[in-house]
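My entries follow the order in which I looked things up.

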Amino acid sequence: MPTASTSVRLRVLPAISTLVAKRTSAESGGAVAPDHWTEGPHYAEAPQLLAAGFAPDALLLTPGDARQAASWLESLRRAPRLALLPIFLNRSFGEAVDALSDGVASTPEAAAPEAAAIAARAPSLSRRETAEGDERLLAFLYLRTERVLTPVADWRDERIYRYPLADALGRPGEDSFLMLERLRRRGLLETAGLVERVHTCPSCSAGQLLFIETCPQCGSIDTAEQNFLHCYSCGHVGTQEEYLTNEGLTCPKCAVRLRHIGVDYDRALETFVCKDCSGRFTEPNVKARCLQCRKTCGTDALSERNYYGLRLSAAGELAARTGQVGDLFKLLDEFSHAHPEYFSRTLEWLLDLSRRHEEVQFGLVCLKFANVHLLASRLPRHRVAQMFDALAQRLRALIRTTDLFMRDDDACCWLLLPQTLPAGVAILLERIVALGAAATPEEGLRIEIATASFTSADAGAGSTNARLLMGTLRSRVG
Ligand SMILES: [Zn+2]
Ligand SMILES: [Zn+2]
Ligand SMILES: [Zn+2]
């Protein structure tokens, strides 16, 4: 057992201290009182801890510098066995590094309350050691009820902002920003305040832009600010230098002395000159040059990206606890499914076509698995997965190879049925609704499918478009 003085001495050197929760049999549920945390073995480096196979309940890090702090935290958060543990730093190492930790605590006593709160939530979390990527992130947030993922500015990152914790917990090679986007669209994460709005390149969506002032006539960047004078008597406009003589200002064209501004002359509106084409202009054309793909565009063509703080939503909490909602919908991804943009473009095209040619008939169906979250909370995970798989297979059997299938988030799926009469759409709808009933009823629970549909016969001469149409159908399935 290290005495108090040896552990203090050890912590002066870079070290990883472990904390172990002393659980009495009565406390086997996982809630450990703050005074039951004791120190375990110390390690000089993260790889030694990872190799030791020792499973602590919390970690106190004393890194030598910010780089070591980042590398320790990243490797610990990537290790399935340790990823979700409370990990504390002895001091702050900057926003991006601190975001990977559970805060600053240099003694076991200081760490204990937070560590105890995290440990208390752990037993209600399913499969936490096998979770990876988005599931590991949801589990991490579930254990820390107040935690908000905050974007951190990083000029080296082409998005300008990144979420360090999502980078560390994401699957190797996965784009963690897109992972967060998906979680947000699925309603598992919710926004907690806009942190920054970044202008991005419309061609490659990088945020590293250079703003340049160009000549509106020839596009050159070689422009300069200059004062131009306008002679009242002959109308000549020239630079101030052209008018300067030993006697003061004299018009170089008509040789009149310019004594009083507003009487003999005034300043021209143009205050810029192009050194390439000699053009004069009042305002340069501001353009943005992307430092990643080198394309240049006008500032009104730039895209925008918003960075929000993100926290777990109620649905996300449920998904973390039951660990099933995400898995279920992966089953649907086995369909050959269309990209959302391609899907809506095809719909737009069919709408156009059917307006002009009566013989072009098509159907559009929106379906929503209305009670999946409820099922997930009532039934064991593998049972819901089986029901969903059975349903997915039957659904696949109903879809022709010429139909387009698209899943735009976890709750809504779309079917676009070319060359289909209204009667055909109605038959398909009946079959889809029947699918839910057929998928093995379990304890009176079955997958409920809400549907809404549209056929080209409904279109008439109305001025509807794909986006409007899809919005209407989506609101009808609730
Ligand atoms: Zn670009
Ligand atoms: Zn020019
Ligand atoms: Zn003049």
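Predicted model: local features only at pLDDT ≥ 70, side-chain atom pairs only at ≥ 80, totals over all residues.

**Entry 1: two helices**

Are α6 and α8 roughly parallel or roughly perpendicular to each other? I first located the helices: α6 covers residues 134–143, and α8 covers residues 176–185. I then looked up their axes, which come within 11 Å and cross at roughly 65 degrees. Angles of 65 to 115 degrees count as roughly perpendicular, and α6 and α8 are therefore roughly perpendicular to each other. I also recorded the hand of the crossing, which is right-handed where α6 passes α8.

**Entry 2: the contact between the helices**

I next asked which residues make this contact. From α6, I listed Asp-134, Leu-137 and Leu-138. From α8, I listed Met-179, Leu-180 and Leu-183. Sorting the residues of the contact of α6 with α8, I found five nonpolar and one charged, with no polar residue among them.

**Entry 3: a sheet**

I turned to an open sheet of three strands. Reading across the sheet, I noted the order β11-β10-β15, and the pairing is antiparallel. Which strands lie at the edges? They are β11 (237–239) and β15 (265–267), and each pairs on one side only. For the twist, I recorded an average of 30 degrees from one strand to the next.

**Entry 4: one strand pair**

Finally, I examined how β10, residues 228–231, is joined to β11. I found three bridges between these two antiparallel strands. As one position to look up in the view, I wrote down Leu-229, which stands opposite Gly-238 in β11.

Technical notes:
Residues numbered from 1 in each chain as written. Chains lettered and ligands numbered in written order. Heavy atoms only, no water. Axes fitted to C-alpha atoms, helices over the stretch in contact; angles between N-to-C directions. Helix = DSSP H or I, 4+ residues; strand = E, 2+ residues; numbered from the N terminus. Parallel < 35°, antiparallel > 145°, perpendicular 65-115°, else oblique. Left-handed = near helix turned anticlockwise from the far one by under 90°. Contact = heavy atoms within 4.5 Å. Nonpolar A, V, L, I, M, F, W, Y, C, P; charged D, E, K, R; others polar. Pairing = 2+ DSSP bridges.
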